Amino acid sequence: MPTLHGTPLSPFARKVLIALAEKNIEFEHNPVVHFALPDGYEKMHPLKKVPVFTTDEDAHIPDSSVILDYLDRTHPEPRLIPEEPISAAKALFLEEYVDSALAPTIATIFIEKFAAPIAMNRPTNEPLVEKMLSEKLPPLFTHLDNEIGESEYLVDGLFTVADIALASSLCNLRHAGIEISEEQYPNLRRYADQILSRPTIQTQFNSEVDQYGGNSPEANAKATA
Ligand SMILES: N[C@@H](CCC(=O)N[C@@H](CS)C(=O)NCC(=O)O)C(=O)O
């Protein structure tokens, strides 16, 4: 059986978990964290990052976007990278936009609000969070709000790798307890509420709340129940 290496709290590993669920592919999960990788991990990923996907043939595929492309070629139903070339280009660029610009910004907020107090035994660096919320996120959210407009999905009415990447980062924002302003980003807020209720994504998110807690409304409801 294939194996996914990478903690579900990584926005990149979570992309793969969502794609595997969408395509209904069976796999084993090895939830390694990037700061405690096993010896020899560089043989699977020369940059020592998570995720890596090990196939049935024992091939090690690094990088979430490369893994999603591999899964789409080997299990084309349902398609996550559109067949039409312009739609594919739009989806792949938005995936890259989220992975390279939004994910690191949200990761900083997530580390400070979720990991620092829960796992790192130190208080949240509130000025750093404030800087991310007031300076870094607004231009990214404004762009995404415009891209989404009134649509259900980011690209041409299709659920694609771009939605998986964005939903995965939005999961970490929710774990951190940060809500998207409906007033400032009405399209993004509506999209977030909708995409996080998608069965594959909601199931993944809820399993993380069960396992790790956090500051999301779901985690707070469980803590006070
Ligand atoms: N482009 C890569 C990014 C992967 C990535 O940065 N993963 C983080 C964990 S969320 C990591 O392993 N960081 C360790 C490092 O950068 O050394 C992907 O999509 O898989």
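In the predicted model described here, the axes of helix H5 (residues 161–175) and helix H6 (residues 186–195) come within 10 Å and cross at roughly 90°. This angle makes H5 roughly perpendicular to H6; angles from 65 to 115 degrees count as roughly perpendicular, those under 35 as roughly parallel, those over 145 as roughly antiparallel, and the rest as oblique. Axes are lines fitted to C-alpha atoms, for helices over the stretch in contact, and the angles run from 0 to 180 degrees between N-to-C directions. Helices (H or I, at least four residues) and strands (E, at least two) are DSSP runs, numbered from the N terminus. Asp163, Leu166, Ala167 and Leu170 of H5 meet Leu188, Tyr191, Ala192 and Ile195 of H6, where contact means heavy atoms within 4.5 Å. The residues of this contact of H5 with H6 comprise seven nonpolar, no polar and one charged. In this division, Ala, Val, Leu, Ile, Met, Phe, Trp, Tyr, Cys and Pro count as nonpolar, Asp, Glu, Lys and Arg as charged, and the others, Gly among them, as polar.

Residues are numbered from 1 along each chain as its sequence is written, and side-chain values use heavy atoms, with hydrogens and water left out. As the model is a predicted one, local features need pLDDT of at least 70 and side-chain atom pairs count only at pLDDT 80 or more, whereas totals for chains, interfaces and linings use all residues.

The crossing of H1 past H2 is right-handed, a term used if the near helix is turned clockwise from the far one by less than a right angle, and left-handed if anticlockwise. H1 contributes Phe12, Lys15, Val16, Ala19 and Leu20 to the contact, and H2 contributes Ser64, Ser65, Ile67, Leu68 and Leu71. Seven nonpolar, two polar and one charged residue make up this contact of H1 with H2.

For helix H7 (residues 199–212) and helix H8 (residues 217–224), the axes come within 10 Å and cross at roughly 40°. H7 and H8 are therefore oblique to each other, and H7 passes H8 in a right-handed crossing. Phe205, Asn206, Val209 and Asp210 of H7 make the contact with Glu218, Ala219 and Lys222 of H8. Here the residues divide into three nonpolar, one polar and three charged.

The ligand is surrounded by Ser10, Pro11, Phe12, His34, Lys49, Val50, Pro51, Asp63 and Ser64, each having a heavy atom within 4 Å of the ligand. A ligand oxygen atom lies 2.5 Å from a side-chain N or O atom of Ser64, and a ligand nitrogen atom lies 3.0 Å from such an atom of Asp63. A polar side-chain atom of Lys49 is 3.5 Å from an oxygen atom of the ligand.

Backbone geometry was also examined. Most residues other than glycine have a negative phi, and most peptide bonds are trans. Val50 and Pro51 are joined by a cis peptide bond with omega of about 10°, and Pro51 is found in the loop between strand E2 (28–30) and strand E3 (52–54). The peptide bond from Glu77 to Pro78 is also cis, with omega near -15°; Pro78 is found in the loop between H2 and helix H3 (85–119). Asp58, although not a glycine, has a positive phi of about 70°, and is found in the loop between E3 and strand E4 (60–62).

Definitions and conventions:
A polar contact is a pair of N or O atoms within 3.5 Å; within protein, one must be able to donate a hydrogen and the other to accept it, and residues adjacent in sequence count only if both atoms are side-chain atoms.
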